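Let's take a walk through this structure together, one stop after another. Have the view open and follow along.

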Amino acid sequence: MSEPAIERQRMDVDVVCVGFGPATAGFLTALSRHLVNPDGSPAVESRVAPGLPLQVMCYERSDDISFGVSGVVTRARGIRATLPDFDPSQIPMAAAVSQEKVVYLLDPIGASRRSLALRLGDRAVRALRLDRHHGVELPYVPPFLHKQGGMVMSLGQFLQHVGAELMGSGTVQIWPGMPVAEALIDENQAGVRGVHGVRLCDQGVDRNGQPEANFLPGMDIHAALTVVADGPVGAVGRQLDQEIGLPQGHHQREWALGMKMVIDLPENTELEPGTVFHTFGYPEPEIFGFFYVHPDRVATVGIFVPSWFRSPVRTSYRYLQHYLLHPYLWRYLQGGKLRSWGAKSLQESGRRAEPFLAGNGYARIGEGSGSTNVLTGSGVDEAWTTGTQLAEGVLELLRERKPLTRENLETAYVARRRASWVEEEGRIAEKARDGFHKGVVTGLLGMALAGFTKGKHWLGGEPQLMPDLKEYYQRKIPAEGVERIVEDCHNRGVSCHGALMERCGWPAIPYDGQLLITHQDALLVGGKVQAPAGMADHVRFIYPDFCERCATKMCIEMCSGQAITPGPDGIPLFDREKCVHCGACVWNCMTPLDDDPQRGNISFRAGAGGLHSPEN
Amino acid sequence: MNTPLQIVVCGSIVPDPLQTLEPVTGPNGPSLKNEMLLPAVLDPWAGHALFEAAHLAGKRSGSKVWLVSLGPKAKLQQVMMTVAQKVPFELVALDGPASGFSDSFETAAALAAAIEAIASLDRAKLLLFGGWESASRGTGSTLQMVGERLGIGEQFQGVDEITVRDDGSFTVLERIEGGRHQVSVCAAPPAVLGWATGNLPEPKNNPQVGMANMRTVMPALQRAKAAPISNTGLRFESVSLPKQQRETRIVKNMPVEEMAREIVAWIGEE
């Protein structure tokens, strides 16, 4: 017997956007300026509400429009092109880049896993006394990496500013706290398959999605154009990838987890606003770091843990703490206080992760559309620019009264993107990081080669199998020691990386209650994580028996919020109240599905809440 | 026959209580550090009042709810994108400070003037709702003064429940000491009800409600009158936050008795 159909409310609009990040902010900013004439009459008339301007909706998962994650340094070329009068001083935490350094961090405690080449290099550096505070400042910043002329800012504050301007214009509506469950994919009356809008998440359901007393079925929003901008792990983007597939030769296998803290620097800090440090070499050679100084003695400090870091217990919070404690950075941070904390996954395949950018009734913009540049380490400005390109294309089509079909969007939007600097620089960056699959030194050389030859040359490499725990630790911990630690951690319901790292020589974190605090305190004090009641769990283990057989369980180790923990029978437990929606579990699942080896055993669906801080 | 009601809810924004609040003293007196940087929410006390008002109005056809808000326009606008998804109301916006350091006397005067300016308001059907302790640093004075300025003598503070009968009379449960309620019966509106927490859960976000509300919310924000609060005659001797000590430990499904024991033990240590 089939289940009774759920009666859903329906609303018709002209354009519906999924997610409010930099790409949608760019799209709506460029679009909204041209919807109403100075006399108040519609410049572009709505098809669903004749006589009115285009009806544009945007639905955002988080509780507010400013709860994204990225303390960012950007050249802001695209942002300035759209907002020529943009004044950083009008936005809290924004400042022009004043100085920029690339710093190689030596290992001051001898616990990191360094290759022979790096160890020899480190010895030479120390022997020649080239280091200061265990760091070596490179003599110059490669041109492809530098951000001179750009700005440091808080993406949360920037989006709050842009969102207020947009809503003040009265031409578009942005609804926070309203996650989009899926795209409505169907054939229209003419038999053309396409996206016809979105379905919002059901509310008033239990953790399995079953209706409860206050059940409110998610509304169906029908639109001529669905703008998919829900990021690299967004439910709608992933749904389209799964149903439509990726273009030939494209893949989404390179990722990184970015985790950062916003810190009140000590009163006597000598760091000037706009100071930028890019670091590499520590806490592990594969982990890159960043340190951006905002006005008013505030800094954003964080790390990127990449998917090519072949550790079966790779983690981020613990490494971030060791990063803060590195002498080169700690001299600035000692006495500081945590203001905010957050984490997000980054799509590091860049242009090679690009999905089909347009189809009948939909277009994709932003990071989930492969716009991030993995060579320059830049994504916000690129995402914003793809949004403005789509807006220009859509306006062109609407003015010409052309339908929003795949062919027309290809001409009006995709062609604009192909002809832009986003595409040109994305192609240069395309293979720049392949060398990291062969090692850090090869990877760095490959980046330099690609950067200096404008992408004509690079060093290749393919992902390698993840070693198991015993293999990974064989030079530091006997196999039976690894087994004992794993068993003990599982019995205690905690992840293993802390115990394993300490066994390898990483010192315990000297908690100070201000900046060095426990992971759970960071969730509460810094992330202020929220999980509204009445929503289903957005993380599900598709085939629990696969999890039972999984020996590594990297989803637990890499979980940014300790929301995934060891459970009985080997099946992890998920606690929605701790999840920051970073999506690390998706790409850290090492158990491929039989019918789709590109996907792991974790289903990451739409959900509300997550980080609740505007300073990220 | 159900008598329709006209319910005016006074409610504005406060800094999101989940953010770190730090009082600072500036040239214009005390304020919160980075207040405009912090996200804001509808004052939770006023939120309960709004949800109760909408619930009551929903049961009596022909009833209407206004939300009168005094706050910085840009912040009001942002908060309304969330609040407007909850329940139907018409916004009356005043552009002015919503800081917890604003003078409650001046705030009450601005609110009362805005309510008096609502053209279609019938005082014989008026229930004035608000948060019991809103906009008054816990003194419960603002809503009381709004009522006085409007000439409404029937006032109830710390309200948890109202039951309106068909003839328009109503019963109010007010919190009193000892965890008990005082039960009052009123023959008819107008009356002032300063809400405690009420009994209703926060409504779900409903996009259709949001869309309907936005037809009035955006115009209301665009024509929001300036309501400067001068704080003349107000002087703060000192401002401080309660001393906080955080010692986080997350334990789920702990029995209530055990929680109580821990809290008592912790208080004993202080």
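Is the crossing of helix 1 of chain A and helix 8 of chain A left-handed or right-handed? It is right-handed. Before going further, keep in mind that this is a predicted model.

Let's stay with that pair for a moment. Two packed helices are described by the angle between their axes and the distance between the axes. Helix 1 of chain A covers residues 22–32 and helix 8 of chain A covers residues 380–399; their angle is about 35 degrees, and the axes lie 7 Å apart. On the helix 1 side, the contact takes in A:Pro22, A:Ala23, A:Thr24, A:Ala25, A:Gly26, A:Phe27, A:Ala30 and A:Leu31. Helix 8 of chain A brings a list of its own, including A:Val380, A:Trp384, A:Gly387, A:Leu390, A:Glu392 and A:Leu395. Sorted by class, the residues of this contact come out as 13 nonpolar, 6 polar and 1 charged.

Helix 3 of chain A, residues 116–127, has 12 residues and spans 16 Å from first C-alpha to last, close to the 16 Å expected at 1.5 Å a residue. How many of the 12 residues of helix 3 of chain A are buried? The number is 0, so this helix lies largely in the open.

Helix 15 of chain A, residues 519–527, is mostly covered, with 7 of its 9 residues buried. The buried ones are A:His519, A:Asp521, A:Ala522, A:Leu523, A:Val525, A:Gly526 and A:Gly527. What do these buried residues pack against? Their partners in chain A are strand 14 (255–264), helix 6 (317–324) and strand 18 (337–347). Just after helix 15 of chain A comes A:Lys528, with a positive phi of about 50 degrees.

The loops of chain A have some backbone details to look at too. A:Met93 is not a glycine, yet has a positive phi of about 75 degrees. You'll find A:Met93 in the loop between helix 2 (77–82) and strand 4 (95–96) of chain A. A:Met93 counts as buried because 25 C-beta neighbours sit inside 10 Å. Further along is A:His581, another residue other than glycine with a positive phi, here near 60 degrees. The loop that holds A:His581 runs between strand 23 (573–574) and helix 18 (584–588) of chain A. Buried or exposed? A:His581 is buried, with 30 other C-beta atoms within 10 Å.

Next, the cis peptide bonds. In chain A, the bond from A:Tyr282 to A:Pro283 is cis, with omega near 10 degrees. A:Pro283 belongs to the loop between strand 15 (275–280) and strand 16 (288–294) of chain A. Over in chain B, the bond from B:Pro189 to B:Pro190 is cis, with omega near 5 degrees. B:Pro190 sits in the loop between strand 11 (180–186) and strand 12 (191–195) of chain B.

While we're in chain B, look at helix 3 (residues 104–116) and helix 4 (residues 142–149), which pack at an angle of about 45 degrees with axes 8 Å apart. Helix 3 of chain B and helix 4 of chain B are therefore oblique to each other, and their crossing is right-handed.

Let's zoom in on B:Thr142, in helix 4 of chain B. With 27 C-beta neighbours inside 10 Å, B:Thr142 counts as buried. B:Gly131 is 11 residues away along the chain, and its C-alpha atom is separated from that of B:Thr142 by 9.3 Å.

Finally, step back to see how the chains meet. In all, 25 residues of chain B are in contact with 32 residues of chain A. Helix 2 (73–83) and helix 5 (207–222) of chain B each supply at least two residues of the side that touches chain A. The largest share of that side, 7 residues, comes from helix 5 of chain B. By class, the chain B residues touching chain A are 11 nonpolar, 12 polar and 2 charged.

How values were computed. Residues numbered from 1 in each chain as written. Chains lettered and ligands numbered in written order. Predicted model: local features only at pLDDT ≥ 70, side-chain atom pairs only at ≥ 80, totals over all residues. Axes fitted to C-alpha atoms, helices over the stretch in contact; angles between N-to-C directions. Helix = DSSP H or I, 4+ residues; strand = E, 2+ residues; numbered from the N terminus. Parallel < 35°, antiparallel > 145°, perpendicular 65-115°, else oblique. Left-handed = near helix turned anticlockwise from the far one by under 90°. Contact = placed C-beta atoms within 7 Å. Nonpolar A, V, L, I, M, F, W, Y, C, P; charged D, E, K, R; others polar. Expected span 1.5 Å × (residues − 1). Buried ≥ 20, exposed ≤ 12 C-beta atoms within 10 Å, placed from the backbone.
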